Amino acid sequence: MAYGTPTSLPGIELLAVPLGCSPMVDVDDQGRPEPPLAADEASTLLGFLDYQRATLAWKCSDLDATGLRATIATSSLTLGGMLKHLAFIEDWWCSWWLHGRDLEALWRTGDWDADPDWIWHSAAEDTPEQLRALWQESISRSRSLVTEALNGGGLERPARRSWPDGRTPSLRWILLHLIEEYARHNGHADLIRESIDGLTGE
């Protein structure tokens, strides 16, 4: 499975429509592709993952550095931090776990020992353009790696790395986990974005 038609949100480009889905993909008012209603399992999972990715893109659209660094209440979470964290999560699961490959140099050179939350905190030092590019590049790598795994064993394909107890997640598990990760942070993003300029929506 590969990805086809580009769609976009202000400031962020996404290749959001998996090939194999209906050519008439429904897109909502925010430019997010609706997951297919009656497709095979892989297309359905990828459709939901792309919908969650597009939701984060919507919540981060049209914001400058101040907006991407905004926090709410006592939380230190920021939308910029989410972009950088989820860029790492894409590489962590689709490259390091699924294919057993080395992480990108940025993740290997971060000062994790001094600050376990380095990814979240260091995002404040990056420009909006850097954060958006970093996130999009990680998504592009993930899509290629997932396509490679689907062609090499389908959703049952086991990851190259295993947990210390010997258990190994499948591609299916990894995709579902990515959906879960995005959905969780999109809930945070809803609250932060509303606090910035009143933008609301699912």
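## Salt bridges and aromatic pairs in a predicted model

The side chains of D50 and R143 meet in a salt bridge, with N and O 2.4 Å apart; the term denotes a side-chain nitrogen of Lys or Arg within 4 Å of a carboxyl oxygen of Asp or Glu. D50 lies in helix α1 and R143 in helix α6 (residues 128-151), so the pair ties together parts that are 93 residues apart in sequence. Helices here are DSSP runs of H or I with at least four residues, and strands are runs of E with at least two, both numbered from the N terminus. D50 and R143 are both buried, where buried means under 20% relative accessible area, exposed over 50%, and partly exposed in between (1.4 Å probe, protein chains only).

This is a predicted model, in which local features need pLDDT of at least 70 and side-chain atom pairs count only at pLDDT 80 or more, whereas totals for chains, interfaces and linings use all residues. Residues are numbered from 1 along each chain as its sequence is written, and side-chain values use heavy atoms, with hydrogens and water left out.

The structure holds 13 salt bridges. Side chains of opposite charge can pair when their charged atoms come close. D50 and R143 also belong to a network of salt bridges that links D50, R53, E90 and R143.

| Salt bridge | N to O distance |
|---|---|
| D50 and R143 | 2.4 Å |
| R172 and E41 | 2.7 Å |
| R172 and E156 | 2.9 Å |

R172 forms a salt bridge with E41. That pair links distant parts of the chain, with R172 in helix α7 and E41 in helix α1 (residues 41-60), 131 residues apart. E41 counts as partly exposed because its relative accessibility is 39%. R172 also meets E156 in a salt bridge. Since R172 lies in helix α7 and E156 in the loop between α6 and α7, this pair ties together parts that are 16 residues apart in sequence. E156 counts as exposed, at 55% relative accessibility.

Helix α7 comprises 27 residues (residues 171-197) and should span 39 Å at 1.5 Å a residue; its end C-alpha atoms are 38 Å apart, which agrees. The expected span is 1.5 Å times one less than the number of residues. Just after α7, G198 takes a positive phi of about 85 degrees.

The structure also holds 12 aromatic pairs. Rings of Phe, Tyr and Trp (its six-membered ring) pair if their centres lie within 6.5 Å; planes under 30 degrees apart count as stacked, over 60 as edge-to-face and the rest as tilted. F88 and W112 form a tilted pair, 5.4 Å centre to centre with 50 degrees between the planes. F88 lies in helix α3 (residues 79-97) and W112 in the loop between α4 (105-109) and α5 (118-122), so the pair ties together parts that are 24 residues apart in sequence. F88 counts as buried at 11% relative accessibility, while W112 is partly exposed, with a relative accessible area of 29%. The ring centres of W107 and W118 are 6.5 Å apart and their planes stand at 80 degrees, so this pair is edge-to-face. W107 and W118 are both buried. Ring pairs link F88, W92, W93, W96, W97, W107, W112, W118, W163 and W173 into a cluster.

Charges also sit over rings, a term that requires NZ of Lys or CZ of Arg within 6 Å of the ring centre and within 35 degrees of the ring normal. The charged end of R161 sits over the ring of W96, 3.7 Å from its centre. K59 lies over the face of W58, at 4.2 Å from the ring centre.
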